[in-house]
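This report describes a structure with protein chains and DNA strands. The sequence and model are shown first, and the text then goes through selected regions.

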2 protein chains.
Amino acid sequence: MRIGELAERAGTSARTLRYYEAHGLVRPRRSANGYRIYDEAELRVVHEIRSLLAIGFGLDDIRPFVACLRAGHDSGDVCPDSVAVLRRKLAEVDDYLDRLGSVRRRLHDQLARAIAQREETCLRTRGPAG
Amino acid sequence: MRIGELAERAGTSARTLRYYEAHGLVRPRRSANGYRIYDEAELRVVHEIRSLLAIGFGLDDIRPFVACLRAGHDSGDVCPDSVAVLRRKLAEVDDYLDRLGSVRRRLHDQLARAIAQREETCLRTRGPAG
DNA sequence: GGTTGCGTTGACGTTGGCGGCAAGGTTTAG
DNA sequence: CTAAACCTTGCCGCCAACGTCAACGCAACC
């Protein structure tokens, strides 16, 4: 199939597919007139790319998964390089969750103090009995 | 004080201070020769900016906090606009924590399956008595 | 043979918080 | 007088995953 059809079936754009190709993730052959020709397996590859991007992977991280699929595996996850990336990403996410958690606490406290402060000011303004 | 001194005392760069000024966060007066002159209060402002940036705020989000300080409040948090931003940011962080949590679960499962798959393959390769 | 709708490459724009450099003016110390 | 150390404005670069446009070629239909 050609680029427009693959783009539509993958739910993305031709520009995106060319971008992936430029970064070595997708490899179409060319027809006589220079058009890109993709076979069915590439649809799977593009889906893999998209779903990994969606959970925060970068294109460089994704490369091993694509290679794994291309090597004939049912899943892109099972090859050693993919597993290594999965481990690293899990660690990154855990790390980020920690940092985000402490940011959350800080925000929560800051908000609580700000509101308390405002209510106190309000009381002073309207007098202690107000 | 001039830009170099403020930069050093605030632990940042002159470039950064000019950037904040270009975005309306810091307002030095000028000396006769055109040099930027900052008073002591600006040091506090820059610290506020930096600490808010550090927890993930954008410069636009920070503007109300600076205005609050400039209005004479002890803390940049207590003004209504600041509180509104704090609320919004807390909601954003909660949202992001949720999404990151589900990404984490997905990664965890994916990793677990990949490893199980590999061990199974290993056993098949070396025979069931493995 | 003209229109329409595919495809191609190439290049610039986006977002944010700066870093770094150029090309000059100012001030200060020696 | 000069060199060093400050300051000024202005502009390009960076990162990532594309969007968008330009200018063109190819294919198909009427």
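Into how many nonpolar, polar and charged residues does the surface near DNA strand C divide? The residues of that surface are six nonpolar, six polar and five charged. Here Ala, Val, Leu, Ile, Met, Phe, Trp, Tyr, Cys and Pro count as nonpolar, Asp, Glu, Lys and Arg as charged, and the others, Gly among them, as polar.

The model is predicted: local features need pLDDT of at least 70, side-chain atom pairs count only at pLDDT 80 or more, and totals for chains, interfaces and linings use all residues. Residues are numbered from 1 along each chain as its sequence is written, while chains are lettered from A and ligands numbered from 1 in the order in which they are written.

**DNA surfaces**

Helices (H or I, at least four residues) are DSSP runs, numbered from the N terminus.

At DNA strand C, helix H1 (3–10) and H2 of chain A and H2 of chain B each supply at least two residues of the surface. At DNA strand D, at least two residues each come from helix H2 (14–22) of chain A and from helix H1 (3–10) and helix H2 (14–22) of chain B.

**Contact between the protein chains**

Chain A and chain B each put 27 residues into their contact. On the side of chain B that touches chain A there are 14 nonpolar, five polar and eight charged residues.

**Nonpolar cores**

A nonpolar core is a set of buried Ala, Val, Leu, Ile, Met, Phe, Trp, Tyr and Cys residues joined through C-beta atoms within 7 Å. A residue is buried if 20 or more other C-beta atoms lie within 10 Å of its own, exposed if 12 or fewer, and partly exposed in between. The largest core has 22 residues, and those touching the most other members are B:Leu25, B:Val26, B:Val45, B:Ile49, B:Ile62, B:Phe65 and B:Val66. Two or more residues each come from helix H5 (80–126) of chain A and from H1, H2, helix H3 (41–54), H4 and H5 of chain B. H4(B) gives the largest share, five residues. Another core, of 21 residues, lies apart from it and includes A:Leu6, A:Ile49, A:Val66 and A:Val78.

**Helix H4 of chain A**

This helix (residues 59–70) has 12 residues and reaches 16 Å from its first C-alpha to its last, close to the 16 Å expected at 1.5 Å a residue. The expected span is 1.5 Å times one less than the number of residues. Its buried residues are A:Ile62, A:Phe65, A:Val66, A:Cys68 and A:Leu69. They lie on the same side of H4(A) because they cover an arc of only 155 degrees around the axis, taken from the directions from the helix axis to the C-beta atoms. A:Gly72, which follows H4(A), has a positive phi, near 105 degrees.

**Two residues of chain B**

B:Cys79 sits in the loop between helix H4 (59–70) and helix H5 (80–126) of chain B. B:Cys79 counts as partly exposed because it has 19 C-beta neighbours inside 10 Å. Neighbours within four places in sequence aside, B:Cys79 is in contact (C-beta atoms, placed from the backbone, within 7 Å) with B:Pro64, B:Cys68, B:Ala71 and B:His73.

B:Arg9 belongs to helix H1 of chain B and is partly exposed, with 15 other C-beta atoms within 10 Å. Its C-alpha atom is separated by 9.7 Å from that of B:His47, 38 residues apart along the chain.

Note on methods. Two residues are in contact if their C-beta atoms, placed from the backbone, lie within 7 Å.
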